[in-house]
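This report goes through a few local features of one protein chain. Please keep the sequence and the model in view while reading.

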Amino acid sequence: MTSSNQAAPRIAVVIPCFNDGTTLPEAVESTRAQEPCEVVVVDDGSSEPGTIEILRRLEDAGVRVVRQENKGLALARMAGVAATASRYVYPL
């Protein structure tokens, strides 16, 4: 989250992911091209090896990845919302 002397970004972007690894890097990069924001990717129980590897790489690069069992799009989005510290949240 944030340290006590640093405010959270004003906007968070929540990106649910279930075996969508091929489009995930581009989606994350598109959010970084906008104003500074908190990016949260929710791995909704992905089982595809390529997606799991991409999620690991994104996490290693500093992207926040929340993992959960597959619960569907709505619950994945809400898990992402719960994991943010920003005032405004946009689902992608």
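## Thr-84 and its loop

Thr-84 sits in the loop that runs between helix H3 (73–82) and strand S4 (88–91). Helices (H or I, at least four residues) and strands (E, at least two) are DSSP runs, numbered from the N terminus. Thr-84 counts as buried because its relative accessibility is 13%, where buried means under 20% relative accessible area, exposed over 50% and partly exposed in between (1.4 Å probe, protein chains only). A polar atom of the Thr-84 side chain is 2.9 Å from the backbone oxygen of Val-81. For a polar contact, a pair of N or O atoms must be within 3.5 Å; within protein, one must be able to donate a hydrogen and the other to accept it, and residues adjacent in sequence count only if both atoms are side-chain atoms.

The model is predicted: local features need pLDDT of at least 70 and side-chain atom pairs count only at pLDDT 80 or more, while totals for chains, interfaces and linings use all residues. Residues are numbered from 1 along each chain as its sequence is written, and side-chain values use heavy atoms, with hydrogens and water left out.

## Two cysteines without a disulfide

How many disulfides are there? The count is zero, where a disulfide is a pair of cysteine sulfur atoms within 2.5 Å. In general, a disulfide is a covalent bond between the sulfur atoms of two cysteines. The closest cysteine sulfur to that of Cys-17 belongs to Cys-37 and is 17 Å away, too far for a bond. Cys-37 likewise is in no disulfide. Cys-17 is buried, at 1% relative accessible area.

Cys-37 belongs to strand S2. Leaving out residues up to four places away in sequence, Cys-37 touches Pro-9, Ile-11, Val-13 and Thr-31, contact meaning heavy atoms within 4.5 Å. Cys-37 and Ala-8 are 29 residues apart along the chain, and their C-alpha atoms are separated by 8.6 Å.

## Ser-46 and Asn-19

Ser-46 lies in the loop between strand S2 (37–44) and H2. Its relative accessible area is 11%, so Ser-46 is buried. The Ser-46 side chain reaches the backbone nitrogen of Asn-19 at 2.9 Å. Apart from neighbours within four places in sequence, the contacts of Ser-46 include Cys-17, Phe-18 and Leu-55.

Asn-19 is in the loop between strand S1 (11–17) and H1. With a relative accessible area of 22%, Asn-19 is partly exposed. Most residues other than glycine have a negative phi. Asn-19 is not a glycine, yet has a positive phi of about 55 degrees.

## Helices H1 and H2

Helix H1 (residues 24–32) packs against helix H2 (residues 49–60) at an angle of about 30 degrees, and their axes are 10 Å apart. This makes H1 roughly parallel to H2. Axes are lines fitted to C-alpha atoms, for helices over the stretch in contact, and angles run from 0 to 180 degrees between N-to-C directions. Angles under 35 degrees count as roughly parallel, over 145 as roughly antiparallel, 65 to 115 as roughly perpendicular and the rest as oblique.

Leu-24, Pro-25 and Val-28 of H1 make the contact with Ile-54, Leu-55 and Leu-58 of H2. By class, this contact has six nonpolar, no polar and no charged residues. Ala, Val, Leu, Ile, Met, Phe, Trp, Tyr, Cys and Pro count as nonpolar, Asp, Glu, Lys and Arg as charged, and the others, Gly among them, as polar.
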